[in-house]
Each structure stands twice: as C-alpha cells, then as structure tokens.
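Come and look along with me.

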Amino acid sequence: MPDIRNIVILTGAGISAESGIDTFRGGGGLWEQHRVEDVATPEAFERDPNLVLRFYDMRRAAIQEKLPNPAHDALARLDRAWNGDLLIVTQNVDDLHERAGASRVLHMHGEHLNAWCTYCDERSRWTGPLADRPPCPRCGARALRPDVVWFGEMPYRMEEIYAAMRTAHLFVSIGTSGAVYPAAGFVRDARSLGAQTLELNLERSQGSSWFDETRLGSASEVVPAWVEEVLAG
Ligand code: OAD
C-alpha cells in the first residue's frame with residue numbers, strides 16, 4: 001500500500017457482532033424485539049420515557065458483559081503502532097474499541113456508558129440504570145437520558161470527522177451496512193477528497209460499488225489480516 005500515512009476507519013455493528021452484540025439490520029427489522037421508532041427516537045422518549053430508559057438500561061448492562069474480539073484487538077494494535085494520523089470513527093455505542101486499548105476513537109452516535117443531563121448539558125460516565133431517574137451528578141436535576149444519538153438527531157463531532165477525512169490517504173469501512181447517513185456517505189466524501197477506499201464486511205454494503213476494494217469475511221478474520229498487511233508496509 002504505497003504512500004499511506006493518514007487513515008480514517010469507520011466501524012459499525014458488524015465489528016462487535018462476534019462479541020455477541022446484535023447488529024441492527026440482522027433481526028428481521030426488529031432491534032432486540034423492538035421497532036426502532038419505539039425506542040430510538042426523541043418522539044419515543046417523549047411518549048414513553050420509561051420504556052426507552054428501560055430498553056437502554058438493558059443494553060447498557062448487556063454490553064458490560066461483552067468482550068472485545070480479535071477485530072477490536074487488531075485496530076488497537078494498529079492505533080498503538082501507527083505513526084501517521086489515525087481516527088477510528090465508530091457508529092457503535094459500545095466501548096469495545098477502548099477496552100481493546102484503542103485511544104484514537106470518536107463515537108459519532110454517542111456512548112451507552114454516558115448519561116446526558118438535558119437540564120445542564122453535562123455528560124457523565126454512567127454504568128448503572130437510568131430508569132429510576134437518578135439525579136445528575138453536576139446539577140442534581142432528574143433529567144438524565146442515554147447519551148446516544150437517536151433517529152432524527154445530529155451525529156456528534158462531524159467537523160472533526162471531516163477534518164480527518166480531508167487529510168486521509170486511506171478510508172476503511174468495517175462492519176457497517178451503509179444504510180444510515182451521514183456515515184453511509186463517508187466513502188463518497190473520502191473518494192472525492194482523493195483517498196483510497198477499502199471495505200471489510202461480511203457481505204457487500206449498500207454503497208459497496210463506491211469502494212476501490214472490498215474484502216468479504218468475518219471481522220475477526222479480515223481485520224487482523226488487513227492490519228498485519230498495513231503494519232508490514
Ligand atoms: P447494521 O446492522 O446496519 O449493519 C451491520 C453490518 O455488519 C452488515 O453489513 C453485516 O453484513 C455486517 N456484519 C455482520 N456480522 C459481521 C461480522 N461478524 N463481521 C463483519 N461484518 C459483519 O449496523 P450499522 O451499519 O452499524 O444508528 O448501523 C448503522 C447505524 O444504524 C447504527 O449506528 C445505529 C443504527 O440505527 C443509531 O443508533 C443512530
């Protein structure tokens with residue numbers, strides 16, 4: 001891979017699938033037995049906050065039982081060893097990249113293990129439940145919600161993502177179906193900014209034809225193999 005110094009990696013639910021975390025579009029349109037619009041929209045939270053908070057409490061508890069898999073480990077290895085710029089932009093709200101040891105990680109859809117106070121705007125690390133309406137550690141208001149981006153809300157830190165894309169020589173997409181924008185459009189943006197583009201996925205994503213190269217297989221196999229290749233120069 002000639003002249004690659006700066007890398008942007010986009011990850012999706014597929015990278016955590018082998019850790020036992022369900023993907024979004026694998027379960028017949030249902031997400032853990034719920035329709036997305038019943039649990040992952042601001043309207044759902046207004047209509048039935050208890051249902052939404054209980055749903056996220058369950059997910060928050062579940063991800064803490066899961067472990068990073070060889071794909072997370074390989075990206076952490078790359079992060080430690082890579083001297084050029086590197087940004088792992090994840091759509092995932094789990095913390096498996098961090099637990100594998102990666103530090104250059106940006107959560108564009110938020111994090112399960114954060115609570116957001118809608119009263120004072122503080123974000124706090126949160127591992128327990130929210131359905132019992134605990135007070136915000138900063139202001140005391142009982143106005144905490146999961147710090148995850150719901151449908152219809154703006155993803156986080158888009159300026160930082162585009163700044164990294166502008167100088168990237170390589171854009172790699174791992175384990176994402178390419179169904180949700182703006183992340184689904186990154187490959188086109190990266191191409192038009194002059195980066196090479198590589199897709200690593202179990203099956204072709206919706207935007208597969210935009211990639212220069214696609215390698216199909218499970219993340220725990222194709223990601224470590226690709227990382228070894230990159231580190232070998
Ligand atoms: P999806 O569930 O849409 O897609 C997961 C992708 O991972 C699919 O293309 C699968 O083929 C692939 N996959 C499954 N198992 C895999 C494995 N073992 N190895 C490699 N690939 C595998 O998940 P995302 O694309 O991440 O947004 O979904 C994007 C966004 O939609 C999510 O962040 C979430 C959701 O609604 C919000 O919550 C805002």
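This is a predicted model: local features need pLDDT of at least 70, side-chain atom pairs count only at pLDDT 80 or more; totals for chains, interfaces and linings use all residues.

Six of them form an open sheet with parallel pairing, and I read their order as β3-β2-β1-β7-β8-β9. Next I checked the edges: β3 (105–107) and β9 (213–216) each have a single partner strand, so one side of each has no neighbour in the sheet. From one strand to the next, I noted a twist that averages 20°.

How many bridges join β8 to β9? I found four, between strands that run parallel, with β8 covering residues 196–201. I also saw that Glu 199 stands opposite Thr 214 in β9.

**A helix on the sheet**

Then I looked at helix α6 (residues 158–166), which packs on the sheet and touches β1, β2, β3 and β7 (170–174). The direction of α6 makes about 135° with that of β2.

**Thr 90**

Is Thr 90 buried or exposed? Its relative accessible area is 0%, and buried means under 20%, so Thr 90 is buried. The side chain of Thr 90 makes a polar contact with the side chain of Thr 11, at 2.7 Å. Among the residues that Thr 90 touches, I also listed His 97, Val 105 and Met 108.

**Ala 17**

My last entry is for Ala 17, in the loop between β1 (7–11) and α1 (36–39). Ala 17 counts as partly exposed, at 33% relative accessibility. Ala 219 is 202 residues away from Ala 17 along the chain, yet I found their C-alpha atoms separated by 8.5 Å.

Methods:
Residues are numbered from 1 along each chain as its sequence is written. Side-chain values use heavy atoms; hydrogens and water are left out. Buried means under 20% relative accessible area, exposed over 50%, partly exposed in between (1.4 Å probe, protein chains only). A polar contact is a pair of N or O atoms within 3.5 Å; within protein, one must be able to donate a hydrogen and the other to accept it, and residues adjacent in sequence count only if both atoms are side-chain atoms. Contact means heavy atoms within 4.5 Å. Helices (H or I, at least four residues) and strands (E, at least two) are DSSP runs, numbered from the N terminus. Two strands pair if DSSP finds at least two bridges between them. Axes are lines fitted to C-alpha atoms, for helices over the stretch in contact, and angles run from 0 to 180 degrees between N-to-C directions. Lists of a residue's contacts leave out its neighbours within four places in sequence.
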